[in-house]
Amino acid sequence: MLEKLGVESINDLLVDIPQSLRLDGLQLPNGLSELETMAQVSALAGRNKVYPDRLTFRGGGVYRRFIPAAVAAVTSKPEFYTAYTPYQAEASQGTLQAIFEYQSLIAELTGLDVSNASLYDGATAVAEAAMMAFVHTGRNEVIVSGYVHPEYVQVLRAFGEGRGIKVRKGGEPNKKTAAIIFQQPDFLGLLVDTRALTAAAHDAGALAIACVDPISLALLAPPGEYDADIAVGEGQQLGLAPSFGGPHVGFIACKKELVRKLPGRLVGIAHDAQGRRGFVLALAAREQHIRREKATSNICTNHSLCALAAAVYLTYMGPYGLRQVADVSFRRAHALAERLQSLPGWELAFPERQFVNEFPMRVPKAPALLRRLSRKGILGGLEVGRWFRELKGVVTFTCTEVNDARALDELVEAVSA
Amino acid sequence: MTEPLSFELSRPAVDPPRLPEPDVGSPAPAEALPREALRSRPLGLPRLSEPEIMRHYSRLASLNYSISENFYPLGSCTMKYNPVANELAASLPGFAGLHPYQDEDSVQGALDLMWRLERALCAVVGVERVTLQPAAGAHGEWTALRMIAAFHGSRGENRTEVLVPDSAHGTNPASAALSGFQVVEVKSGPDGRISLADLESRLSPRTAALMLTNPNTLGLFEREILDIAEMVHATGAMLYYDGANLNAFMGICRPGDMGFDAVHMNLHKTFTTPHGGGGPGAGPVGVKAELVPFLPSPTVERQNGHLTLDYKRPQSIGRVRSFYGNFGMLVRAYTYILAMGGDGLSQASQDAVLSANYLRKLVENDLEMPHEGPCMHEFVASAQNLQANGVRALDVAKALLDKQFYAPTVYFPLVVPEAIMVEPTETESKATLESFAAAIKEIVARAKTDPQSLHAEPTNLPVGRLDEVAAARRINAYLQGASDDPVLRWKAPPEGTS
């Protein structure tokens, strides 16, 4: 190869690099065999404590759920996971159709018109939705109502700062309000009055942005039913492992009036000269590679493979499977809440509020309790006082279909011991 | 050959999957919750059995080109082989099973991996610290610009402009705009490199940063990078490095030494985490000492072998993503770096440069080469020489698809008309490069003898060229209320039709 190029060494190809910048290699150890590499990586994995699914009662945005084997069997197909963003549609129909199905599933789940091809996570989905509201209304304030995931709000603030968008906690909307953002169920697991919040936003000429739990939508009214304009959320529960917080997937869906403001990829139906149906990236004029600084977002890489996982998960579950998952989680959480609140010193933090499968409890000596549970191999609830001063001593517990009745017994026993 | 949608394959007779029964006595949600809180419309998800699902997605998979089966010379995207050991590492229960809100003591291995990855990336690009939080390259760009804005702000300076070369990736101006900056374009000179004279005229006390890729998107090393850095720093602005092209020079030189203050990296390009059909990726950002106080919170700190997450960062730009970034991708990248080592990474870059130059040489008489070589890890050719025959870069791309090659990037960078941007990477063998060059030769020959046939390409794929214009028209009709067909999602056909 060098001969063909008429040079003696690769160095002769690097002549444009100033000599003063040239390195003599990297200050890193030399490479390893796969055997040695995996031994080192496994040793790191071995220094982490993994709690069994059935004894995990901690949520706060990431949940243990049953993941059908079909999900990994599909996402580990190299034709999916080693493909690129589907710019050449004819050679990417598998990815494009899978995303189209994902979009259709999310639109169906949220009851809204159109979903995009995915975002990074729930937090950036909230921030992107706020940007849409800012551009759509020309107003520069968003209201975060109630207990929205604190990390989502932090990300929203960081995004907002760049665009001059103010983030206000609670309060009444006014002429400057671009959107009211609420979470259903909220960060503590409690139901909020989505209809009233949506109406309040609309009365002030603002948009209603609902951050929703996708599994709960098998039970609860979807955003489209209460007239929310944009639905966003975290899709981790749809077939993705906790994986220390990522990669997961953010979803976003909206009314058709807002589609041109949507960030990121969108897949639509197109036909070839023979009339065959295919799928293409659509409405690209919103995007950075066409619009550059005028794009709706800078997003380029999204989370396609995670969206594929979500599509397989939702297709596997179907309407009745998803309903049963939500139903079982609901019942177990309520059974657990019932038992925990009968313990001395334990009480529901908001006894008058409804919840689905996560609920906040006031707990005596929470830190010591959680340590004790951990020693018994139980990942107890989440102390939410670390984010909200008024909630010191409050721990949220979550139940899903993986926490069987015996696991509930074990938790209650360990707590009472 | 096309595949029906899952919705079209749905059969009402399919039983739902077997799932745990409610084994506790509490009431069902429909009894416990007020009616207005409940879903009133039935949930219209498809109903398929597991074998039907597996066949459906297997057939969809077979419609894709992928790096595991095809050469993917996609310029600027660094489509190199994704080692399968990476996948195994990320799926270890000790990583995949971790809840992000576990106590620090129970996730020491995960934090240590992040710390080690940070150190390794610092060594590769020559910076002080790295944040692993950004989920993708564009997210990293934006994160870096937020830090640069915070840095200037902390000094009481109001700098409102970011300079971006005309050859830059579209994410650069988009990230700058989303970060609150005005974008000012800097022109390339006739040799394809940034024009120092034009740069000089654009720099001002309003300049916050210059965003630069080096080698640039033409695959050319900015020879005058040290002068550029000096000019930028002399005005008090910062120099930002777009890491899209990092695969060109690992172990050969470092952006930090060139004078860059902030550097983003794409783990899904240079460090072999798979592209996943468009993500998830990871876009860590490295910074020099001056920007360290502004890093997103939390950072990973190590003291006496004990690892902690540091949230007490008063000058931080805050949080850019929930939790700690795309951790699973960090595991893959770290596994790759361990296996490759410093020696292997350096070799990879050298091989990538050799591959690009060799392939460039093989096709230099078939396509136009608007800029003089040698190139770094990629090159940009132009199909302008085929225009007299009515053949365009897109036709060349589509014809390559029919020959089992994915297409190069076309029409980018914008500064080259009919651009064909080729990045072979170190993955490809000499034989693959030669067969690709042979394919180009044949297509170019056909452009002269039978140009019409190229407009019909591809003909051997599941679908031919799709009419995007007609699709856009139908979408517009839907968005304007003139049609009920959403085009962007499946919609059940009206009752009574099939």
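Guide: Two strands pair if DSSP finds at least two bridges between them. Helices (H or I, at least four residues) and strands (E, at least two) are DSSP runs, numbered from the N terminus. The model here is predicted, so to speak of a local feature we need pLDDT of at least 70, and side-chain atom pairs count only at pLDDT 80 or more, while totals for chains, interfaces and linings use all residues. Residues are numbered from 1 along each chain as its sequence is written, and chains are lettered from A and ligands numbered from 1 in the order in which they are written.

Visitor: Thanks! How many bridges join strand 10 of chain A to strand 11 of chain A?

Guide: Strand 11 covers residues 358–362 of chain A and runs antiparallel to strand 10. One facing couple here is A:Leu348 with A:Met361 of strand 11. The number of bridges joining these two strands is 2.

Visitor: Which strands stand at the edges of that open sheet?

Guide: This sheet of chain A has 4 strands in the order 10-11-13-12, with antiparallel pairing.

Visitor: Which helix lies across strand 10, strand 11 and strand 13 of chain A?

Guide: Contact here means that the C-beta atoms of two residues, placed from the backbone, lie within 7 Å. Angles run from 0 to 180 degrees between N-to-C directions, using axes fitted as lines to C-alpha atoms, for helices over the stretch in contact. With a direction at about 5 degrees to that of strand 11, the element lying across these strands of chain A is helix 10.

Visitor: Which residue of chain A is 33 residues from A:Pro263 in sequence?

Guide: A:Pro263 sits in the loop between strand 7 (250–254) and strand 8 (267–271) of chain A. It counts as buried because it has 25 C-beta neighbours inside 10 Å. Its contacts beyond four places in sequence include A:Asn116 and A:Glu128. At 5.5 Å from A:Pro263, C-alpha to C-alpha, the residue you want is A:Thr296.

Visitor: Is B:Val107 buried or exposed?

Guide: B:Val107 lies in the loop between helix 5 (93–96) and helix 6 (108–125) of chain B. Its contacts reach over to chain A, with A:Asn48 and A:Phe244 among them. Because it has 27 other C-beta atoms within 10 Å, B:Val107 is buried.

Visitor: How many residues of chain A are in contact with chain B?

Guide: On the chain B side, 167 residues take part. Helix 12 (residues 327–363) of chain B supplies the largest share of that side, 19 residues. On the chain A side, the count is 159 residues.

Visitor: Which edge strands does the open sheet of 7 strands in chain B have?

Guide: The order in this sheet is 1-7-6-5-4-2-3, and the pairing is mixed. From one strand to the next, the twist averages 25 degrees. Strands that pair on one side only are the edges, namely strand 1 (129–131) and strand 3 (182–186) of chain B.

Visitor: What is the bridge partner of B:Pro165 in strand 3 of chain B?

Guide: Strand 2 (residues 161–165) and strand 3 of chain B run parallel, joined by 5 bridges. Helix 8 (residues 171–178) lies across strand 2, strand 3 and strand 4 (207–212) of chain B. In strand 3, B:Pro165 is partnered by B:Val186.

Key: A residue is buried if 20 or more other C-beta atoms lie within 10 Å of its own, exposed if 12 or fewer, and partly exposed in between; C-beta atoms are placed from the backbone.
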